[in-house]
Amino acid sequence: MSEMKIKFNPNLSHQNEAIDAVVGVFEGQESFQTHFSVSQSAQADMFQANQGLGVANALSLSAKTLYENTRNVQLINGLPQTESAENALPSLDFTVEMETGTGKTYVYLRSVFELNQKYGLTKFIIVVPSVAIKEGVYKSLQMTEEHFKKEYKNVQYDYFVYDSAKREQVKNFASNDYIQIMVINIDAFSKSFTDPEKETKANLIHRADDRLNGMKPIEFIQASNPVVLIDEPQSVASTANRKKAIASLNPLCTFRYSATLTESFNMLYKLDSIDAYERKLVKQIEVASFEAQDNHNQAYIKLLSVDNKKSPITAKIEIDAQTKTGKLQAGKKITVKSGADLFELSGGRSVYQGYVINDINCEQGNEYIDFTSRDDILTLGQSIGEVDQDTFKRLQLAKTVEEHLEKELRFFNKITAGAEEKDHAKILSQKGIKVLSLFFIDKVANYRGYTKEGVPTQGKFALWFEEEFVKQLKKPKYRVLYPSIWDKDDSGKYQINEQALKALASTVHNGYFAQDKKKDASGNPLFAESKLSSKGESGKTAADESAYNLIMKDKEKLLSINEELRFIFSHSALKEGWDNPNVFQICTLNETNSVMKKRQEIGRGLRLAVDQSGERVPYGFEVNTLTVMANESYEQFVSELQSEIEKEEGIKFGAVEPHQFANIVLADELGKKRF
């Protein structure tokens, strides 16, 4: 089978709208460039014209024209128009907001070619916040190269990732008169200096280099007046120092692209989660809740805090309450005083009979509550009746494996419907849909541990996974998915090959961690193989190198049905910058309090799936549904996320139906809730 390649559609209306918005800012700009020389003696000479040593972007439009163009783009896209008494933009910073999974990377890459074709702009810098996103953008440039050369008639262009060891790259960036695309991590140029004695502490990009005739690499960039494209500005431009660093690039203008903005400037285009869902540009989301009745058949009480600042003395506790409609509200926080009856406060749940608050002790270091007719004494942070977390997480993991295999089986039956068994392999190689599952874990050690000698061992999550995978694969209904682990005996009956099954279980999962620590025989901490260097280099061993390459770089290989890896474990490195269209399950084995981080985690699986021919799957939500196997905090997350979006969009849920983050509309036997 030839290598699978994702295909790109140049005619998607939402992407063209975003590109047109960017291009529209410069309407009326003539296509020309300026030349400059870089002089060590005087900064003024950096822009000296017609010396032939470098080519820079340039603008010929007046401030008023740029202002009017921007307001016109905003009017076309139904956005608030920038206001200015001087009829000039406050800054040449622009914002494009696109929901995760709708192709923002493709949009800003294609905008490069449109800006070049229409206005002759040639110098572009993509600034990213992390190694993961840097690798993801570079991979996107590789994947789209054939597509863009076809769309733009073999236009000449260079793209590269900035490497501090290859600083001569910036000289080529500045001197070439055709499209130059540099991808750079914010950390590579955010550490500058003003005191010459501190030069050695600055990034190399800010230091004089003999290979560049004593010039600093940053000066070549500054002279080029690059168009700066910021990927995930909420992370890139998160501090005053980082904003200063971006300004140090001397950008002609700046375009910011994100789904989770914390600030915006001159908003040009907005495709929010509501629009993306209604236009079926992303997967539908369903949340699987594991609050089984058995988990709440005893009183759960946790002491969160005590307060004696005012009379009467109070305590804040957490209980499982029942609403007026009979729904269980797990982890409800309430404030109680002496005499409070938890039976009444829980909505009449019989398991709280006799739990009446007696004493609330506020002595520092000895805080507790007790009850009038129960022997339990709860100290600060202590709980009774809490579900065992290992049991809970293993249930999440087991259900993820089961849901994964059920999707594989459903897609198999859909794709091969009506075909002879002998034709299945051929059909799947052409139109099969590879299913991937992504686990976010709390501790690296829970997936991968180490002996005293530093030898890697399996953590509990890896062990649980293989046990649950083996258990599920023994079910005869999954034989069509993995026929190689079944043998046929003399009577024609199928028998599982235990050895082959265990071997398969060990190859279908792997981990990717930004930092994976181990200790040597003396107990000294060592950086493990998945540690990333400042240059973006991954592990030291062949096994970890291949795992990193497959997950972060070889996206298309990972999408191949012939590639066995299907289950990916991550600590934090994949929260942004990595996505794969065929992630169908996300299991949160971590505790995430940040709404933005949870939104980013879910975003890893929002992109529409592709089949083995590289085409987007046309089956709508019947196939394009992402299942989130959530810990309990995700129930609260749904509410918080809805509130966040209501605040952002100025809408109230219920008025917009159906909606990806609207009210729950369906529950099934897994406890899944689509919203």
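A: In this predicted model, Phe461 has a relative accessibility of 0% and therefore counts as buried. Trp464, at 11% relative accessibility, is also buried, because the cut-off for that class is under 20%. Both residues belong to helix α13, where they sit 3 residues apart, about one turn of the helix. A pair of aromatic rings is described by the distance of the centres and the angle of the planes. For Phe461 and Trp464 the ring centres are 5.5 Å apart and the planes meet at 55°, so this pair is classed as tilted.

The helix that carries this pair, α13, spans residues 460-473 and packs against α14, which spans residues 498-507. The axes of α13 and α14 are 9 Å apart, at an angle of about 130°. The two helices are therefore oblique to each other, and α13 passes α14 in a right-handed crossing. On the α13 side, the contact is made by Phe465, Glu466, Phe469, Val470 and Leu473. On the α14 side, Leu501, Leu504, Ala505 and Ser506 meet them. By class, the contact has 7 nonpolar residues, 1 polar and 1 charged.

For context on the aromatic side chains, the structure holds 27 aromatic pairs. Another of these is Phe148 with Tyr152, whose ring centres lie 6.5 Å apart with planes at 50°, so that pair is tilted. Phe148 and Tyr152 are both buried. They also belong to one aromatic cluster, together with Phe8, Tyr106, Phe113, Tyr138, Tyr157 and Tyr159.

Definitions and conventions: Residues numbered from 1 in each chain as written. Predicted model: local features only at pLDDT ≥ 70, side-chain atom pairs only at ≥ 80, totals over all residues. Heavy atoms only, no water. Axes fitted to C-alpha atoms, helices over the stretch in contact; angles between N-to-C directions. Helix = DSSP H or I, 4+ residues; strand = E, 2+ residues; numbered from the N terminus. Parallel < 35°, antiparallel > 145°, perpendicular 65-115°, else oblique. Left-handed = near helix turned anticlockwise from the far one by under 90°. Contact = heavy atoms within 4.5 Å. Nonpolar A, V, L, I, M, F, W, Y, C, P; charged D, E, K, R; others polar. Phe/Tyr/Trp six-rings, centres within 6.5 Å; stacked < 30°, edge-to-face > 60°. Buried < 20%, exposed > 50% of the residue type's maximum accessible area, 1.4 Å probe, protein only.
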